[in-house]
Amino acid sequence: MSINKLKAEKILKFGEVEYKAKMSLDTIIRIENLLNCSILKLGNKLAQGDITLTEIISIITLAIRGGGNDIKDNDIKGHVSEIGLIESIKMAGELVTLALNVDDDSEKKSESE
């Protein structure tokens, strides 16, 4: 799964099918409104293993739509069924991390100063 952190983009793979996902500000707002939960709280829910399958599908669907793809919830449900729950949770976690712009570059910056 390649990532363009500067544009908050990521390629998601479901078997042979690939989609570009984008966690833009608009996408984050749509996720927060749909799930009635902040993106930070979603990150905490993921970390605690307290996220629902509905939330996972919503995150993935809206991120893929943000990447310019016209996709339905049922399409994502089929893909999630193919790759399994654990991989789907991991994928949603990577998208939320991308949205939060969490990066380990802070250590690299410290070392170069």
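**Figure 1. Helix H5 and its end.** H5 has 16 residues and spans 22 Å from its first C-alpha to its last, close to the 22 Å expected at 1.5 Å a residue. The expected span is 1.5 Å times one less than the number of residues in the helix. Helices (H or I, at least four residues) and strands (E, at least two) are DSSP runs, numbered from the N terminus. The model is predicted: local features need pLDDT of at least 70, side-chain atom pairs count only at pLDDT 80 or more, and totals for chains, interfaces and linings use all residues. Residues are numbered from 1 along each chain as its sequence is written, and side-chain values use heavy atoms, with hydrogens and water left out. Buried residues of H5 are Ser 88, Met 91, Ala 92, Gly 93, Leu 95, Val 96, Leu 98 and Ala 99. Buried means under 20% relative accessible area, exposed over 50%, and partly exposed in between (1.4 Å probe, protein chains only). Asn 101 follows H5 and has a positive phi, near 55°.

**Figure 2. The whole chain.** The protein chain holds 6 helices and 3 strands. From the N terminus on, their order is β-β-β-α-α-α-α-α-α. Of the 113 residues, 36% are buried. Contact means heavy atoms within 4.5 Å. Among contacts with a separation of 6 or more, 57% join residues 24 or more positions apart.

**Figure 3. H2 against H5.** These two helices pack at an angle of about 145°, with their axes 10 Å apart. Axes are lines fitted to C-alpha atoms, for helices over the stretch in contact, and angles run from 0 to 180 degrees between N-to-C directions. H2 contributes Ile 39, Leu 40, Gly 43 and Leu 46 to the contact, while H5 contributes Ile 89, Ala 92, Gly 93, Val 96, Ala 99 and Leu 100. By class, the contact of H2 with H5 has 8 nonpolar, 2 polar and no charged residues. Ala, Val, Leu, Ile, Met, Phe, Trp, Tyr, Cys and Pro count as nonpolar, Asp, Glu, Lys and Arg as charged, and the others, Gly among them, as polar.

**Figure 4. Leu 46 in H2.** Leu 46 lies in helix H2. Its relative accessible area is 16%, so Leu 46 is buried. Leaving aside neighbours within four places in sequence, Leu 46 touches Ile 51, Ile 89, Ala 92, Gly 93 and Val 96. Leu 46 and Val 96 are 50 residues apart along the chain, yet their C-alpha atoms are separated by 8.9 Å.

**Figure 5. Helix H3 and its cover.** H3 has 14 residues and reaches 20 Å from first C-alpha to last, close to the 20 Å expected at 1.5 Å a residue. Because 10 of its 14 residues are buried, H3 is largely enclosed by the rest of the structure. The buried residues include Glu 55, Ile 56, Thr 61 and Ile 64. Their cover includes strands S2 (9-14) and S3 (17-22), along with helices H1 (25-35), H2 (39-48), H4 (73-83) and H5 (85-100). Just after H3, Gly 68 takes a positive phi of about 95°.

**Figure 6. Ser 58 inside H3.** Ser 58 belongs to helix H3 (residues 53-66). Its relative accessibility is 12%, so Ser 58 counts as buried. The side chain of Ser 58 reaches the backbone oxygen of Thr 54 at 2.9 Å. Beyond neighbours within four places in sequence, Ser 58 is in contact with Leu 34 and Leu 35.

Terms used. Polar contact = N/O pair within 3.5 Å; in protein donor to acceptor, adjacent residues only side chain to side chain.
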